[in-house]
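Please look over the sequence and the structure shown here before reading the briefing that follows.

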Amino acid sequence: MVGPKSAASSASSSSSANALQTLWKAYNDTTSPRLKFIDAFLVFLMLSGVVQFVYCSLVTNFPFNAFLAGFGSCVGQFVLTASLRSQVNPQNRSEFKDVSPERAFADFALGSIVLHFFVYNFLG
Amino acid sequence: MAVAYSIPSDVSPATVANTRSLLRIIALALISGAAIASRLFAVINFESIIHEFDPWFNYRATRVLASEGFYEFWNWFDPTAWYPLGRVVGGTIYPGLMATSGVIYNVLHALHLPVDIRNICVLLAPGFSALTAWSTYMFTKELKDESAGLLAAAFIGIVPGYISRSVAGSYDNEAIAIFLLMFTFFCWIKALKIGSAFFGALAALFYFYMVAAWGGYAFITNMIPLHSLALILMGRFSSRLYVAYSSWYAIGTLSSMQVPFVGFQPVRTSEHMAALGVFGLLQIIAFAELVRAHLSSKQFQNLLYASVIGMGVLGTAAIIGLTYKGWIAPWTGRFYSLWDTGYAKIHIPIIASVSEHQPTAWPSFFMDLHSLVFLFPAGVVMCFRQLRDEHVFVIIYAVVASYFAGVMVRLMLTLTPVVCVAAAIAFSSLLDTYIEPTEPDVVEEDSGKATADETASSGSSTAVSASPSTAKKVKKSGTAPGGSAVTAAITAAKKGDTARGVFGLDTRLIVLLNAVGMLIFFVLHCTWVTSTAYSSPSVVLASQNPDGSQHIIDDFREAYYWLRQNTPEDSVVMSWWDYGYQIAGMANRPTLVDNNTWNNTHIATVGKAMSSSEEVAYPILRKHDVDYVLIIFGGLIGYSGDDINKFLWMVRIAQGVWPDEIQEPNYFTPKGEYRVDEMASQTMKNSLMYKMSYYRFPELFGTNQAVDRVRGQQIPKAGTTLDYLDEAFTSENWIVRIFQVKKEDILGRDLKTASAFEQGKKRKRTKPPVRRKAVV
């Protein structure tokens, strides 16, 4: 769901350079600016999560609840945003008949608020 | 189009819709009324009290919450439980039940309805059963239609399998848990259906409430991932599944960790790893789907699928590896014993000793579910016929819950909702088929079933009698005009296909009367089972006098109130763990062990004290500051759940910790029998439990032979003597006996010698006196 330059696809492709270029081009051509904006946020969230995880595994996990809250907020926000992305994606219109883009955004906002309420409660 | 009976066609759609919703509201109100009313047998027959053992603790905790506020309750350290150790209550309970009652209490008081907290606790379960009926209605509505939903609500409102855990006075976690279970499932189904993050978040919130309320939340934690995994494997992955599952898992997991008793378990234990694994798998699949949308090469797509499967396998291997390395805790004994059914009996006798943890017998399925038990498979099969995403859920739920209910009596409770739902689906399909008035025609035409559903739920007895004249038998069109025989056969076969249906009123009436009769018998059975089997408070025992009047045996409260009023506030009472909560709740005295069996060694200590001789037990009692020992003895009136019958479990649990001091075979006769009469083994006769139980018992019978009514054996006439304990109280029917532990002798003698001296027995002066004193 994230930008296509993740490790998963590069590892899987054998004729990697060429295929990646095609993929990048196809992505750039077909994706609307809105979705690209969402993707940028997703990449940021992923990087933030990775940094926290690396810190936890290299330095300490001592306040484990704080780590879980921070990491959980990244993961949670990531999946909520990814959900929003697939709900507003015009290609998925047929799947989400009952969810208009506005409704999807309201769901996203509500889910994020609930998530962050629990995150702040858990930070301790 | 032929109809079996005519229905008025000139009614406006608005009227029909209004009537339907009115009928629905009335039906739900009546179902709620029935659900509440059928749970009040115990309150009306006896009184409004808390029933079993566990609820007494919940009640006590709720009282703390109501009187001292939420923060005091959250940080409550109870120094009176597990006497020398104490118990951190806030971190060792699921606080959802108490918090619910506390909220209700405060709301009612804010409205100037000063209701006692005890009445709220007693009537919480009936109230929530009405909510359960409603949530089951919502759930079933998603699967079929509203009429099936109403049937399911009616079923779960009165079905004994659920009533057994939610009668008035049964203030246990299950009282609110089943409502939360059904509502979480409803939110999940709804989220999956429309792909909404809102319902996913709602499912997560109710999941959080469920986690706060009941340890059985692990069932949801594994059901939803299982369902998602099944959908993925069936090739039904959709973005809706991604949205629903991700929003549920992300919020639900973080919220479940807020409950102190759960803590970091969702990331550390094996029970929660299925949810995490499916979460990871969904991310990978969703990413792959996205990449696939931008690609065209067939080859490349195959590669992508291979990498997805590879990563799934890799993730599973990672979870297994982490479990082996010890980063993830393996299954706990309670869960593990569900898979390996012989495990508990061998390794953890304390789990096996609870009667609810035994396998279920066939009659109890019928007793708890009546006719639903054979409608249930039919409903599951009907789910297969449609097989939308939510039907897959019901099928998996049915299979999993049936297995668990077969393994453990207690888990019948989680089976009951799905039985009601599936049975309602089956039953309502039957009614749909036989109430629908259209008849198949010989002439092929598309049969519109426009107005059929309106009457389906609203009892069509008036319409049935309307016009029987239209019922017509249809003759087969045997006249194929020449041509080849093959085409005629084909058309006949085609007609046979389309002309399927019910002809005439008589067949309809026969089937419908049968069905209604089954429903009536279901109601009668439920009422009978509820009133006879599940509505007896275990605190008071009821028996029938010869003239039919009721005789109530109230020894438990008699003894507990004696303790409450005649002993110092801080005197420690030792009893077997079953009675720990009741002593703390009713007698308000510190106890050594209680029903929260978190410290096995401490329980084994009590078991050792009960099962060893006085000389051995006395130092144990003194070291734990025990002042009173309370035992339950049913030998006089034939109360079979007494401590002598539980004695072997005490021995086994003590043997698990001190294998060289306590051995189970010593308590049997040489032939291997468990006896209490003359033939009983010497260890048995010397054990503290035996001595306390039969102390002064033979005197009660005068010159006659003393007979133990439970064991049906004759007790030796000589009786037992107690040197280290004094009888302090024995209740009217000898059910509860309380003994006081003697202090050390003032003259420093051994207590045995001291009591021998008082009885006038002279010690022979042949040997120099041995000054032996029990080591304290």
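UniProt positions are given in the numbering used here, feature names are shortened, and annotations may be inferred rather than shown by experiment. With that in mind, the unreviewed UniProt entry lists "domain: Oligosaccharyl transferase STT3 N-terminal" at residues 23-422 of chain B. This is a predicted model, in which local features need pLDDT of at least 70 and side-chain atom pairs count only at pLDDT 80 or more, while totals for chains, interfaces and linings use all residues. Residues are numbered from 1 along each chain as its sequence is written, chains are lettered from A in the order in which they are written, and side-chain values use heavy atoms, with hydrogens and water left out.

**Annotated regions**

- Residues 23-422 of chain B are 74% helix and 1% strand, with the end C-alpha atoms 23 Å apart; helices (H or I, at least four residues) and strands (E, at least two) are DSSP runs, numbered from the N terminus.
- The feature "domain: AglB-like core", again from an unreviewed UniProt entry, is placed at residues 560-631 of chain B, a span that is 51% helix and 12% strand and whose end C-alpha atoms are 12 Å apart.
- In chain A, the unreviewed UniProt entry places the feature "transmembrane region" at residues 40-60, 66-84 and 104-123.
- Residues 66-84 of chain A are 100% helix and 0% strand, with 27 Å between the end C-alpha atoms, and residues 104-123 of chain A are likewise 100% helix and 0% strand, with 28 Å between the end C-alpha atoms.

**Where chain B meets chain A**

- The contact (heavy atoms within 4.5 Å) involves 39 residues of chain B and 44 residues of chain A.
- About 3,400 Å² is buried between chain B and chain A, with carbon and sulfur atoms giving 74%; buried area is the accessible area (1.4 Å probe) that two parts lose on being put together, summed over both.
- Leu254(B), Phe287(B) and His294(B) supply 19% of the area that chain B buries against chain A, more than any other three residues.
- Between the two chains there are 8 residue pairs in polar contact (both at pLDDT 80 or more), where a polar contact is a pair of N or O atoms within 3.5 Å; within protein, one must be able to donate a hydrogen and the other to accept it, and residues adjacent in sequence count only if both atoms are side-chain atoms.
- Several helices of chain B each supply at least two residues of the side that touches chain A, among them H11 (197-213) and H16 (298-325), and the largest share, 10 residues, comes from H13(B).

**Domains within each chain**

- Domain bounds come from an automatic or database domain assignment, which gives domain 1 (1-30) and domain 2 (32-123) in chain A.
- The contact between these domains takes 6 residues from domain 1 of chain A and 9 residues from domain 2 of chain A.
- Domain 1 of chain A and domain 2 of chain A bury about 690 Å² between them, 64% of it on carbon and sulfur atoms.
- Chain B is divided into domain 1 (175-330) and domain 2 (554-759), and their centres, taken over C-alpha atoms, are separated by 51 Å.

**Salt bridges**

- A salt bridge is a side-chain nitrogen of Lys or Arg within 4 Å of a carboxyl oxygen of Asp or Glu, and by this rule the count over all chains is 33, whereas between chain B and chain A the count is 0.
- Glu47(B) forms a salt bridge with Arg557(B), with the closest N and O atoms 2.6 Å apart.
- This pair links distant parts of the chain, 510 residues apart, since Glu47(B) is in the loop between helix H2 (41-45) and helix H3 (54-68) of chain B and Arg557(B) is in helix H28 (residues 555-566) of chain B.
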